[in-house]
Amino acid sequence: MLMQGIAASPGIAIGRALLLPREERQLVRTPITKAAAPGEEERFETAIQQAKSQLKELMNRLEAEGSQQEAGIVEGQWFLLDDPQLKMDVQNKINDELVDAVWAVHEVFGDYAKALEAIEDEYIKERLADLRDAENRLLNVLTGVRNIDLSQLAEPVIILAHDLTPSMTAQMNRSMVLGFATEVGSRTSHTAIMARTFGIPAVVGVEELLAGHKAGSQLVLDGDRGIVLSQPDERQLQEYEQKRKEHAALAEQLNALREVRAVTIDGKRVELYGNIGKPEEAHFVLEQGGEGIGLFRTEFLFMDRSEMPSEEEQYEAYRQAVLSAKGKPVIIRTLDIGGDKEIPYLPLEKEFNPFLGWRAIRYCLADPALFKIQLRALLRAAVDGDLRIMFPMISGVREIEQAKELLAEAEQELEAQGRAYKRGVPVGIMIEIPAAALISDKLAPLVDFFSIGTNDLIQYTVAADRMNEKVSYLYDAEHLAVLRLIDMVCRNAKAHGKLVGMCGEMAGDPNMAKLLIGLGIDEWSMSASQIPYVKQEILKLSEAECRDFVKQLLS
Ligand code: PEP
Ligand code: MG
């Protein structure tokens, strides 16, 4: 029997199934007397401490193994449980509604989840998994249920689960877990990201996965095509065994490319960078052979919390990214919020056309005080390495001038405070609005570099919402209009001696490498795991042929 899901992490696994059935926790609203409330508060407090120490232990273990990114995810859950707001909300629930700690925790987490679910953003939605994971751990402690420990497996297995929490994934004994499949999840969930980090083949989003399999049955899991095959016959087994071997050979080959530079056969050198959302991810970019950070989406520092991160907090985060990059360039993009990315503590209203609305640089220029906190933090962190500042959603000259004026003010403020900061930090802009591409000859003299954000540039060029499935057939990176715009941006950048990068998803697609070489993109920034795949493609190409190819396409 063959089941189809979403390919979440490449590779082939062949082995026996271990089923982790869906936990059906029977939670009931348990009323208590007023006199019992302090006892319930104490019970909650003890459980929080215990859950936090479990997370700390897991974090230490991951750090000791060098899995910084995973440790960071676990740390995020630790911070969630450490939040004074959570404590207050649960205490209020116990006292105001006179319910026990278990019900209060369940309700409070339920409220948080609802608030997150209302936000139309894929990344935020995925953070729900962390929230549920933390809730689950807390409820397990409160109700005395042991957490499933995947570090103690005695034999190699393929795990089939309704859902795997990020902390369960982080715990996996990687020599015993051959692969895993889940009924829920998407490619951008932390669980899927971790599987790719660990190199564990994974398939997510397989409907009826648990109902369709027996514990201990023979399985093939194809993480390339998103397939789970049970009871394979002899021929299928042989075929997959062959594929598994090829995969292992390819992984070794890609591994060997880590230190190799991305150069075409006729000597054209390009730089491959990684995109990150949190400072701790910088380490993974370097591990994959990344030569810098081409996009740090700072808005993620502002999410999952109840108040603005302070200048000090931001400074620490940017500094950590710069230090992790070990002297390599780190392009930090200023806040790109608004529209689809809501932040509860900022005054952003629902809009009819959020992608055409009050977002990114537009919002920041309207709130100079907020913007300058970020700019000061960036200028200070720049002291420790090669930090570069990038403004998102630029549509014209005036926005660059205004942003640079505020940057100059931020410098003066630091000067007045006698704080250490770096002078002459390079400043670039994202080219993601067709208007900016069309006047890139006027914008180039004002900045040090361009980075093309194809995710937005494509949606604005063909007028097809990047989140809307129904118009996704129009969302085409190879549309002649998109290619002409990119070509124009590259030419204008070169004419002014400026570097041009690309940090949209197009840069991480190995099938686009030929186009990007032909168009003349100098710096390509992508998800860390894509770096070796893209590099492998570049090594096979000839710049001269790519240029001819693009010339033909453009005509
Ligand atoms: C882009 O638009 O291509 C981009 C990289 O920015 P984001 O995906 O964060 O909008
Ligand atoms: Mg964008």
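Student: Which residues does G290 touch, if residues up to four places away in sequence are not counted?

Tutor: They are L272, V285, K328 and I531, where contact means heavy atoms within 4.5 Å. Before we go on, this is a predicted model, where local features need pLDDT of at least 70, side-chain atom pairs count only at pLDDT 80 or more, and totals for chains, interfaces and linings use all residues. Side-chain values use heavy atoms, leaving out hydrogens and water, residues are numbered from 1 along each chain as its sequence is written, and chains are lettered from A and ligands numbered from 1 in the order in which they are written.

Student: Where does G290 sit, and why is G290 called buried?

Tutor: G290 lies in the loop between α9 (282–287) and β10 (293–297); helices (H or I, at least four residues) and strands (E, at least two) are DSSP runs numbered from the N terminus. Its relative accessible area is 4%, and buried means under 20%, exposed over 50% and partly exposed in between (1.4 Å probe, protein chains only). So G290 counts as buried.

Student: And what makes T334 buried?

Tutor: Its relative accessible area is 0%, so T334 goes in the buried class too. T334 lies in the loop between β11 (330–333) and α12 (360–366). Leaving aside neighbours within four places in sequence, its contacts include T298, E299, F371 and M390.

Student: How do you know that D441 is only partly exposed?

Tutor: D441 has a relative accessible area of 30%, so partly exposed is the word. It's in helix α16 (residues 440–443) and touches N492 and H496, not counting residues up to four places away in sequence. D441 and A495 are 54 residues apart in sequence and 8.2 Å apart in space, C-alpha to C-alpha.

Student: What is it about phi of L98 that gets a remark?

Tutor: Phi of L98 is near 50°, a positive value in a residue other than glycine. L98 is in the loop between α3 (84–97) and α4 (101–117), and at 25% relative accessible area it is partly exposed. Phi of A360 is also near 50°, but A360 is found in helix α12, and with 0% relative accessibility it counts as buried.

Student: Why is α17 called oblique to α18?

Tutor: α17 and helix α18 (residues 480–495) pack at about 125°, with axes 10 Å apart; the axes are lines fitted to C-alpha atoms, over the stretch in contact for helices, and angles run from 0 to 180 degrees between N-to-C directions. Under 35 degrees is roughly parallel, over 145 roughly antiparallel, 65 to 115 roughly perpendicular and the rest oblique. That angle falls in the rest, so α17 is oblique to α18.

Student: Which residues meet there?

Tutor: T454, L457, I458 and T461 in α17 meet A481, V482, L485 and I486 in α18. By class, that's 6 nonpolar, 2 polar and no charged residues (Ala, Val, Leu, Ile, Met, Phe, Trp, Tyr, Cys and Pro are nonpolar, Asp, Glu, Lys and Arg charged, and the others, Gly among them, polar).
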